[in-house]
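Keep the sequence beside you while you read.

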Amino acid sequence: MIIIGFTVDDFKVFNQQTVAGRMALIRGQLDPKFELLGATISKQLATENIPAFINVAKHLRRHTNPAPNTWFAIGPYKRGYKMVPHFEVGFWDDRLFVWLCLLENIQQPAPYAAILHQQQNLIKQLPVGQWQLSGNHMAKPIQPLNAANLAAQTQRFIDVKKGEWLLGKVWLKTDPIFQTSGAVEVEIKQSIKQLTPLYRYLLAAIRED
């Protein structure tokens with residue numbers, strides 16, 4: 001089977017309104033692409049001596065409503081990723097995303113928040129206008145990365161019981177990048193490369209979690 005890169009046709013998966021129908025399309029159309037790109041990113045991180053394991057979303061609890069989004073995660077452990085820093089790449093019906101994630105599943109957010117405070121200059125070196133923040137990996141709203149939003153989101157991650165901290169990029173399905181084969185995959189890999197120094201610092205805090 002020949003696997004091509006992400007295209008605008010991949011968003012049509014979400015036109016299927018039944019659980020079984022959408023899951024079949026996710027499994028047949030998106031997951032093979034996730035596995036292929038995930039393997040490439042894992043090798044990229046391995047060159048930085050960072051352990052990287054792929055976990056493709058299974059949506060096993062979806063029985064009534066079809067999954068509104070789908071993704072694969074890359075984290076430091078073969079089993080489980082939500083309780084530690086990790087990357088996620090995936091789709092909503094109208095956008096593709098790549099995130100560096102600290103999710104609500106993390107039991108002790110303070111060590112990670114301390115690193116985010118310590119490494120603010122590293123984060124602020126990211127090109128203005130290209131990066132987004134999110135406080136909920138299961139919702140679409142995002143905010144542009146700037147000093148005020150960064151400070152607010154980091155504080156919320158500490159203060160709110162189910163607070164989350166995500167930094168990354170989003171491409172709407174109308175973005176011309178999807179007209180060039182392989183272009184968005186290049187951007188995703190480059191984005192992860194730019195986030196890798198921060199990711200390395202966050203991984204070092206796992207022993208404190």
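The largest pocket has a volume of about 430 Å³, where a pocket is an open set of points on a 1 Å grid over the protein atoms alone, with protein on both sides within 12 Å along at least five of seven lines, and a volume is the space filled by probe spheres set on the points. Its lining holds 16 residues, and Lys 58, His 59, Leu 60, Arg 61 and Lys 82 lie nearest its centre; a lining residue has an atom within 4 Å of a point. This is a predicted model, in which local features need pLDDT of at least 70 and side-chain atom pairs count only at pLDDT 80 or more, while totals for chains, interfaces and linings use all residues. Residues are numbered from 1 along each chain as its sequence is written, and side-chain values use heavy atoms, without hydrogens and water.

The whole structure contains one cavity of 30 Å³ or more, a cavity being a set of points where a 1.4 Å probe fits but cannot get out. The largest cavity has a volume of about 70 Å³, and its lining includes Trp 92, Arg 95, Phe 97 and Trp 99. Strand β4 (residues 95-102) gives the most to this lining, with three residues; strands are DSSP runs (E, at least two residues), numbered from the N terminus.

Note on methods
Helices (H or I, at least four residues) and strands (E, at least two) are DSSP runs, numbered from the N terminus.
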